[in-house]
Amino acid sequence: MTPLLQVTGITRTYGARIGCRDVSFDLYPGEVMGIVGESGSGKSTLLNCLAGHQRPDSGQVVFDTRADGPRDTVAMSEPERRMLGRTDWAFVHQHARDGLRMGVSAGGNIGERLMAVGARHYGDIRGQATDWLGRVEIDTARIDDRPAAFSGGMQQRLQIARNLVTGPRLVFMDEPTGGLDVSVQARLLDLVRGLVRQMGLSALIVTHDLAVVRLLADRLMVMKDGNVVETGLTDQVLDDPQHGYTQLLVSSVLQV
Amino acid sequence: MMRPGGDRVGDDRTEAAVTDPAYNFAYLDEQTKRMIRRAILKGLAVPGYQVPFASREMPMPYGWGTGGVQVTAATLTPDDTLKVIDQGADDTTNAVSIRKFFQKTAGVAVTERTADATVIQTRHRIPEHPLTEDQILVYQVPIPEPLRFLEPRETETRKMHALQDYGLMHVKLYEDIAQNGAIAKSYAYPVKVSGRYVMDPSPIPKFDNPKLDMPAIQLFGAGREQRIYAVPPYTPVVSLDFEDFPFDPSKADHACDLCGADTSYLDEVIVDDAGGRMFVCSDTDFCGERRDAGHRGAMSPPDAAVQA
């Protein structure tokens, strides 16, 4: 099977400081990979490099495109990369405000990607927006409300709907549950897990919350100071951590 | 003919005209006109693309048509006949001042008749009379960027144009329908030029949008924003819409009360304090020509009174 995403030797430095160094991994279709580590360990830098928001200093990100097969997205032209960004890729920001248009209604937010790829039938766009509001458990009567009138959890679910409406194959998530209270987190995780399984999505989830990866991720990558220190199956890494830092991380989780 | 400063006047034939010798032909110096002409040519080569240019201070405030005046100055030749309209009218302050300005500095012939003009500077209207290949229409543009109120960053809007990333424009139209049941934009209605650039046609009523595909050259000048763009003759210009909410070039559902025309764009005029109103053609030249030809509207005075 061809990997959906083949990452080789991604390095990104900020002057003398290291963002992330020589990161390589493969992601297969339908697989969910978690990237964990403490603040400043280079998780977000890595994710931004992979999603094309930042340019890595060196390395390749080969994505298996629908039309042309595996292509290096770092070497792609900007229009092609943007096209991927609104069709096959989705990016869920930690803060829903970064990923939503706050001045535009919920329906418009969901419809934006559809219209960006050429949908020009108002009734169809609205139908899909209604459908997706239902799928992320938002009352469809609120389709014309602005996201500012939504709670934090609803905003995050709206952001997910807005990203998944074009049927992407790869979702990047940057701390999707950050800043939400635990019961809302639980519902969101349940929803994401359902959608990922249902749509056969591949996902890269960056988080510092081990419970999130335990629930969602098939595989795990642990980062420290810009380097990958341990990789493996999620249960294997969490139940039998080998690296000193991973052991510290696992033992730091508070038990209720 | 030499000015005190030593600049050569644009054309020897201007000597015959009654220009103020203190000014170069059409006010701007030759280098500036040359710079503007280059921007115009680039704009014509890339229809709908906003070409930056070094806009000059003009002897009028921003917002009064400094962009249009500079484009007109660079376009005029001594043989041209100039018409200036403001919201369709030849006799409003803005139109009268700009017309006087070019009479004084360029000495060109002026007219109010659309058919006789070779260069027409307009603010917010396209004349009703169909234009020909021999004419140039110059628009005054306040805000050239159609994406401005959707995306405030200029760097980002330029990138969006470069990448044809126009989904956001349709989000705006979607929002209009969701909130108002119809696309509420009635002027400065966005268009796509030649299948490539989304363009703001300046604040003309959307009634005029279908006329943008015309035999005349259309030039757009934005002085404060320092942009020039253009639509060459016979270029396809499509107003953006949805399949199930097609573009509708609407006008007041009335006929002109002075000339009886039912196909022209109308202004609504309040005539008393008791709610009385009348609808008249916004294009004064068009209305006047029809009345001269004997057409009468519902509120026209009796013919005897007109002759008196």
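What does A:Arg86 touch, not counting residues up to four places away in sequence? In this predicted model, the list runs to A:Arg113, A:Ala116, A:Val117, A:Thr166 and, from chain B, B:Asp165. A:Arg86 itself lies in helix H2 of chain A, residues 78-86. With a relative accessibility of 13%, A:Arg86 counts as buried, because the cut-off for that label is under 20%.

Staying in chain A, have a look at helix H1, which covers residues 43-50. Of its 8 residues, 7 are buried, so the helix is largely enclosed by the rest of the structure. The buried ones are A:Lys43, A:Thr45, A:Leu46, A:Leu47, A:Asn48, A:Cys49 and A:Leu50. Just after H1(A) comes A:Gly52, whose phi is positive at about 85°.

Now for the place where two helices from separate chains pack. On the H5(A) side the contact uses A:Tyr122, A:Ile125 and A:Arg126, while H5(B) brings B:Tyr174, B:Ile177 and B:Ala178. Sorted by type, the residues of this contact come out as 5 nonpolar, no polar and 1 charged.

On to the rings. Over all chains, the count of aromatic pairs is 14. One of them joins B:Tyr27 and B:Phe101, with 5.3 Å centre to centre and 55° between the planes, which makes the pair tilted. B:Tyr27 sits in the segment before helix H1 (30-45) of chain B and B:Phe101 in helix H3 (residues 93-106) of chain B, so the pair ties together parts that are 74 residues apart in sequence. How exposed or buried are the two partners? B:Tyr27 is partly exposed at 26% relative accessibility, whereas B:Phe101 is buried, with a relative accessible area of 14%.

Chain A also has an aromatic cluster, made up of A:Phe63, A:Trp89, A:Phe91 and A:Phe172.

| Charged residue | Ring | Distance from the ring centre |
|---|---|---|
| A:Arg135 | A:Trp132 | 4.2 Å |
| B:Lys185 | B:Tyr187 | 5.5 Å |

A:Arg135 and A:Trp132 belong to chain A, and B:Lys185 and B:Tyr187 to chain B.

How values were computed. Residues numbered from 1 in each chain as written. Chains lettered and ligands numbered in written order. Predicted model: local features only at pLDDT ≥ 70, side-chain atom pairs only at ≥ 80, totals over all residues. Heavy atoms only, no water. Phe/Tyr/Trp six-rings, centres within 6.5 Å; stacked < 30°, edge-to-face > 60°. Helix = DSSP H or I, 4+ residues; strand = E, 2+ residues; numbered from the N terminus. Buried < 20%, exposed > 50% of the residue type's maximum accessible area, 1.4 Å probe, protein only. Lys NZ or Arg CZ within 6 Å of the ring centre and 35° of its normal. Contact = heavy atoms within 4.5 Å. Nonpolar A, V, L, I, M, F, W, Y, C, P; charged D, E, K, R; others polar.
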